[in-house]
Amino acid sequence: MYWINVETRPGKGYPKNWETQGGWFTADRNNIPLPNINEDYGAPWEYNHHEVLKTEGGDSQASNLIPSPVPSGSNAYASNWDEDVGKGTFPNSYYFYLPRICNHCTDPPCLEACPRQAIYKRKEDGIVLIDPKRCRGYRYCIKGCPYKKIYYNPVEKISQKCIFCYPRIEQRKGNFCAAQCVGRIYWVGYAEDANSNVYKLVNKWKVALRLHPEYKTEPNVFYIPPLSPPTYSFAGKLTTSPRIPIEMLAKMFGDTYDQSYDQRVARIRQISDIIQSEREKVSSGGSSELIDILISRSETERFQL
């Protein structure tokens, strides 16, 4: 199980279909399912490497790697099951990647759900942690989290989650997944620091949205909705419609829990227009604070703690 995972969208996500499993906002909390470790997180497959790779000399006995057990049926699933599988018809097929970690929510349902008070939110930085000495593995926290970013460790028999690399944060360093990302797609900062690039992306330029704010947890991870190239018409000409449907993005991203679907659609169109306008400004020889932030030339521009 992964404290951070990257999902291909559209897809089932990780764990499988987590968006449909509910959380502490669900009216009937007794009927929230627990993800099954093998079926919903996906047990890793074994492959016939010894038949395909000539590691012991001689000729290969097989030309293709075959997973075992062979996945089949509509319920077949494993981690990275949706890797690079999208939707649409060529040349208008599409997909995008969605990295996910614990959102360290302002109103964390995992904290409320724990009968052992083993989960707490640090006052100094808002990081949500589990005290492993108090946890008894009851897993109410997993039911409570609508993002399913808490995992049960069957060996330790306790729940575990992303700790946002708090020892690094205390040293004013970015959390490790952000620091190691070769795509430099993460910015880390404090919400109230008006000079930080995180603040500027969320509050000044308003190009970052929450994932499923309707879960009412006030997640503190924000996403810039993906841009995409335009679609082609039946006549083979470029249209003005983005290849990734805005309607699909509007079902995922928004500002607040009470925002309507139409308001979300309008916001995503607005964000796309803002970014495109700033890109054209730079292409014309001008400068843009927003584009400079998004280019993120150094760690000091991305991690401001």
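Here is a short tour, stop by stop.

This is a predicted model, so to speak of its local features a pLDDT of at least 70 is needed, side-chain atom pairs count only at pLDDT 80 or more, and totals for chains, interfaces and linings use all residues. Numbering starts from 1 along each chain as its sequence is written, and side-chain values use heavy atoms, with hydrogens and water left out.

**Stop 1: the core.** Select Phe96, Leu211 and Phe253: of the 44 residues in the largest nonpolar core, these touch the most other members. Such a core is a set of buried Ala, Val, Leu, Ile, Met, Phe, Trp, Tyr and Cys residues joined through side-chain atoms within 4.5 Å; buried means under 20% relative accessible area, exposed over 50%, and partly exposed in between (1.4 Å probe, protein chains only). Elements supplying at least two core residues each include strand S4 (96-100), helix H7 (197-204) and helix H9 (261-283). Helices (H or I, at least four residues) and strands (E, at least two) are DSSP runs numbered from the N terminus. Now show what surrounds Phe253: beyond four places in sequence, its contacts (heavy atoms within 4.5 Å) include Phe96, Leu98, Tyr223 and Ile268.

Stop 2: Three strands form an open antiparallel sheet in the order S11-S10-S14, with S11 and S14 (253-254) at the edges. Strands pair if DSSP finds at least two bridges between them. Zoom in on Arg210, which stands opposite Phe222 in S11.

**Stop 3: His104.** Look in the loop between S4 and helix H3 (109-113). Is His104 buried or exposed? It counts as buried, at 6% relative accessibility. A polar atom of the His104 side chain lies 2.9 Å from the backbone nitrogen of Val128.

**Stop 4: the rings.** Rings of Phe, Tyr and Trp (its six-membered ring) pair if their centres lie within 6.5 Å; planes under 30 degrees apart count as stacked, over 60 as edge-to-face and the rest as tilted. There are 8 aromatic pairs. Phe25 and Tyr215 are stacked, because their centres are 5.1 Å apart and their planes at 10°; they sit 190 residues apart in the chain. Phe25 is partly exposed at 39%, while Tyr215 is buried at 7%.

Note on methods: A polar contact is a pair of N or O atoms within 3.5 Å; within protein, one must be able to donate a hydrogen and the other to accept it, and residues adjacent in sequence count only if both atoms are side-chain atoms.
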